[in-house]
Amino acid sequence: MKCKTMRHGIVGSHWILMVVLALCYIGCKDDETNESFSYDPNKPVEITGFTPEEGTGNATIVIYGKNFGTDVSAMKLKIGGKDAIVVNSLGNSMFAIVPEDKNDGTMELTVGAGEQAQTVVAEKKFIYTEGASVATLCGGKDEDGKFEVKEGPFNDCGGFDNPSWLSFDPAHKNILYMLQDEGAQRPLRIIDLEKEYVYTAPIRMDRPRTITWAQIRDPQTGELIPNAIDTMIIACDRTADNHANHWYLPRMKDKELPKQFEDGGNRKKRLAEGRGCNGSAIHPQNGALYYTSFARGEVFRYDYRLGLAREDAKFFPEYRKRLFTIQDNNWEINIVIHPTGRYAYLVVINQHYILRTDYDPNKQEFTDPYLFCGAVGQGSWVDGAGTNARLGRPYQGVFVKNKDYAGQTDEYDFYFTEADNHCIRKLTPFGVVSTFAGRGSTSLNGEAKGYIDGPIREKARFQTPRGLAYDEESKTFYIGDVSNKCIRTIVMKEWQDTDVKNEKIM
């Protein structure tokens, strides 16, 4: 079955709707109306305010005023003399992206052209704040590109061979697990952030792709136990039938960390079978496993717990249901479910776009997906809204709560790595894609890739980032920088130190 919403015309309407909803969602104050109308050259253009009033370059901003019109092509917004990206406008409010380069923050808006053009300058200036910074946590290679894979403290742990997937242990926040794709019999690596030490678990699989964590039930009531997670589930990409595409590894509760999976090589069990699986995730509401298949572009729902409850525990096809098939086959697909379970993103890696699939709580299934950002098969680097954005081999993504959305329908942004564009991107709930980190040091040379620590956009560079994890407590991102053979970090200092005012918005 083809994805119905990937047909021409329907695709565009989805992202346009999301941007319009974004403006309705954040584009008006309590004491102002926000009707949509065209620019009138006989009436003055006014800027009455904007939010947030301070932030870093590349932040999203809503500007309030009068007589903006709705034709984005007739608007030119500058902040400190630098062009800002105007995403959309509803007449009395517009949604834009702040220029990356720091400047004096003077906001100047021109609407119209020729004799009908009007230019207005906001009374207040946008205040640039100190942003986050990229640093190297551990790993690396020498000047000749050589590295050794070994256990050891952070300052002597060698390099990482393809750190392609990162996942925190839900029961032990100081433990970060790392998968290494692209090869046979790849080991599970363990990064102990408290002891600052890297271990190698004796668990080996062919092309391990993703980690998700099972939920367990109370043996008396059968109800899911909140936050009780004792089993790691690893999706593997195999090319032949009858090979396991999922392994499950129960935690050894009598072992101390990091040895709880020490003898997992002898204890790991097949959870599901079939052709190459690129990604899987557990739904936070119903506890079922949702996973993808490379060979036919399929997405499945599998109630693995019914199989595990049987004495002859193994893969039972009768507990699995195919939900839908995306366009064509042989496309690598990761699935990331929203923390609330209301929807999921399907990250189509080698075709450079992201689909969204909404959850039907009655059927406990995800519905046919629609194109949310990027363009099918068009790999490039363009910030923008919906299908106007261009991606370059997106890979692992995480949902991060944005306090500016507090009290709204969706409080999460989605951050994801891009291997071909050598950066970290941010996708808002409204479908707006911006570059969050990487591609810095533009005066150095014409390259987007490299190995440079420092401010996330002004200086920092990555080379083929793939793995990504986020620690909510410390406000820290962890990035698997594949070609640089290391783990990088981004500590969101301004999220920790700045109390951003959150206005009630309609």
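A salt bridge, here a side-chain nitrogen of Lys or Arg within 4 Å of a carboxyl oxygen of Asp or Glu, joins glutamate 148 to lysine 150 at an N to O distance of 4.0 Å. Glutamate 148 is partly exposed at 48% relative accessible area, as is lysine 150 at 24% (buried means under 20% relative accessible area, exposed over 50%, partly exposed in between, with a 1.4 Å probe and protein chains only). The model is predicted, with local features requiring pLDDT of at least 70 and side-chain atom pairs pLDDT 80 or more, while totals for chains, interfaces and linings use all residues. Residues are numbered from 1 along each chain as its sequence is written, and side-chain values use heavy atoms, leaving out hydrogens and water.

In total, 21 salt bridges are counted. Lysine 78 pairs with aspartate 83, their closest N and O atoms lying 2.7 Å apart; lysine 78 is partly exposed at 21%, and aspartate 83 is partly exposed at 48%.

Turning to another pair, aspartate 181 and arginine 207 form a salt bridge at 2.9 Å, N to O. Aspartate 181 sits in the loop between β14 (172–180) and β15 (186–192), and arginine 207 in the loop between β16 (197–205) and β17, so this contact ties together parts 26 residues apart in sequence (strands are DSSP runs of E, at least two residues, numbered from the N terminus). Aspartate 181 is buried, with 0% relative accessibility. Both residues belong to a network of salt bridges that also links Arg209, Asp237, Glu332, Arg393 and Arg466.

Technical notes
Helix = DSSP H or I, 4+ residues; strand = E, 2+ residues; numbered from the N terminus.
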